[in-house]
Amino acid sequence: MNAEQISALLDRQKPGFALEQAFYVSRDIFDFECEAILRDNWYMAGHVSRIPEVGDYFLWEIMNESIIVVRSSASTVKAFFNVCRHKGSRVCLEAEGKKRMFTCPYHAWTYSLDGRLANARSMGAGFDPADYFLFPCSVQVLCGLIFINLSDKSQADFERLYGNYEPLLDFHGLAEAQVAARDRYPTDANWKLVLENFFECYHCAPAHPEYCRIHSPEAVLAMGSSPDSELRQAYMPVIEAWRERASALGHPVDNFGSAAADPDYRGYIRAPLGNNSLSETEDGKPAAPIMGKFREFDGGHSTIVFNPFSWILGMTDFAVMFRFTPTGSRKTDLEVTWLVGPGLEAGKDYDTD
Ligand code: FES
Ligand SMILES: [Fe+2]
């Protein structure tokens with residue numbers, strides 16, 4: 001299927017309906033999307049506390065690529081395409097660990113943690129290792145969150161998109177946070193299907209009774225609808241009353257949403273959980289001590305969207321990172337990471353159940 005055929009399919013799209021089947025299964029469309037949409041996106045790949053020491057790394061598989069995310073110095077996180085500059089072998093095979101250097105298993109070219117080619121045997125005169133760095137990805141760290149773009153992007157581009165997020169992330173104490181738990185949910189479905197499901201909460205009442213127990217039914221429907229929907233508008237007085245209480249505590253209540261015409265969909269909102277819940281746990285009670293700069297449990301939670309693939313749900317006592325990674329036309333990997341405050345001990349200070 002070529003670009004013209006894809007655009008013809010889009011032209012006959014009925015507004016308000018799901019996309020046609022081909023968009024959820026076609027390998028050609030997925031390849032097209034990789035270049036047109038997926039390669040240039042700031043994915044929230046992980047939290048710095050996952051790689052606390054120099055040499056700590058993890059691999060992140062996205063589209064057909066493998067990316068090495070490594071703590072290259074005490075203050076620097078870097079990311080490289082996991083492709084040897086000699087003959088294209090994977091340089092690093094283990095999904096995570098600690099390295100002094102990355103040595104390719106094929107002919108043993110060896111790269112330092114900053115991607116420099118440090119050793120290549122018998123390459124002869126005229127060979128300049130400086131020409132054979134591992135290909136880098138663009139990396140930005142914001143309040144402990146590692147963002148990676150596979151395209152060559154500047155810090156200015158990142159700041160244009162997310163410069164205004166820092167106060168809210170800082171209030172949640174994310175820079176000092178630590179990973180309490182992490183889980184992966186590899187899903188046999190196209191990324192658009194997985195994201196559509198995550199965006200809407202029409203299914204929450206029938207499919208997630210435990211989720212609905214701790215939120216009020218109005219909150220579930222309103223917050224799962226678009227900001228200009230009738231449901232959201234009808235719920236606004238409840239949000240406004242809660243905002244007044246939260247702002248009296250000095251807690252953040254500002255919201256932000258990208259304009260409808262902005263291709264970089266993003267935004268954040270703080271809103272009440274409802275049902276007198278204090279946190280998004282099974283019984284609505286806190287699971288950990290207060291994080292960041294919150295003074296007390298205010299019954300609110302933050303939904304922070306960097307882009308459709310990168311979300312944070314921020315409670316007063318913990319935060320949950322959602323990383324959606326397209327890995328094939330019918331494969332999407334969801335990684336969920338739970339963060340709590342620094343220096344806490346599992347089982348004693350917080351409960352991961
Ligand atoms: S392919 Fe890596 S050293 Fe040859
Ligand atoms: Fe769901």
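**Stop 1: the domains**

The model is predicted. Begin by colouring the protein chain by its domain assignment, which gives domain 1 (3-38), domain 2 (43-153) and domain 3 (163-340). Next, select domain 2 and domain 3 together; their C-alpha centres lie 32 Å apart.

**Stop 2: the interface of domain 2 and domain 3**

Keep both domains selected and display the residues that meet. On the side of domain 2 there are 18 residues in contact with 24 residues of domain 3. About 1,700 Å² of area is buried between domain 2 and domain 3, and carbon and sulfur atoms give 66% of that area.

The rule finds seven residue pairs in polar contact across it, with both residues at pLDDT 80 or more. To see where the side of domain 2 comes from, select strand 1 (43-47), strand 2 (56-62) and strand 10 (145-149), the elements that give two or more residues to it. Strand 1 provides the largest share, five residues.

Select arginine 182 and glutamate 96, whose side chains meet in a salt bridge with an N to O distance of 3.5 Å. Both residues belong to a network of salt bridges that links Arg50, Glu96, Arg182, Arg184, Arg323, Asp333 and Glu335. Displaying these seven side chains at once shows the network.

**Stop 3: further salt bridges**

A search of the whole structure finds 25 salt bridges.

- Select arginine 39 and glutamate 35, whose side chains form a salt bridge at 3.5 Å, N to O. Glutamate 35 is exposed, with a relative accessible area of 54%.
- Select lysine 98 and aspartate 56, where the closest N and O atoms of the salt bridge are 2.8 Å apart. This pair links distant parts of the chain, with lysine 98 in strand 5 (residues 96-98) and aspartate 56 in strand 2, 42 residues apart. Lysine 98 is partly exposed at 48% relative accessible area, whereas aspartate 56 is buried at 10%.
- Select aspartate 298 and arginine 270, which meet in a salt bridge of 3.1 Å, N to O. Aspartate 298 lies in the loop between strand 13 (267-272) and strand 14 (300-307), and arginine 270 lies in strand 13, 28 residues apart. Aspartate 298 is buried, with a relative accessible area of 11%, and arginine 270 counts as buried at 1%.

**Stop 4: proline 252**

Is proline 252 buried or exposed? Proline 252 is buried, with a relative accessible area of 19%. Neighbours within four places in sequence aside, proline 252 is in contact with Leu168, Phe171, Arg270 and Phe294. Finally, select leucine 174: proline 252 and leucine 174 are 78 residues apart in sequence and 15 Å apart in space, C-alpha to C-alpha.

Key. Residues are numbered from 1 along each chain as its sequence is written. Chains are lettered from A and ligands numbered from 1 in the order in which they are written. This is a predicted model: local features need pLDDT of at least 70, side-chain atom pairs count only at pLDDT 80 or more; totals for chains, interfaces and linings use all residues. Side-chain values use heavy atoms; hydrogens and water are left out. Domain bounds come from an automatic or database domain assignment. Contact means heavy atoms within 4.5 Å. Buried area is the accessible area (1.4 Å probe) that two parts lose on being put together, summed over both. A salt bridge is a side-chain nitrogen of Lys or Arg within 4 Å of a carboxyl oxygen of Asp or Glu. A polar contact is a pair of N or O atoms within 3.5 Å; within protein, one must be able to donate a hydrogen and the other to accept it, and residues adjacent in sequence count only if both atoms are side-chain atoms. Helices (H or I, at least four residues) and strands (E, at least two) are DSSP runs, numbered from the N terminus. Buried means under 20% relative accessible area, exposed over 50%, partly exposed in between (1.4 Å probe, protein chains only).
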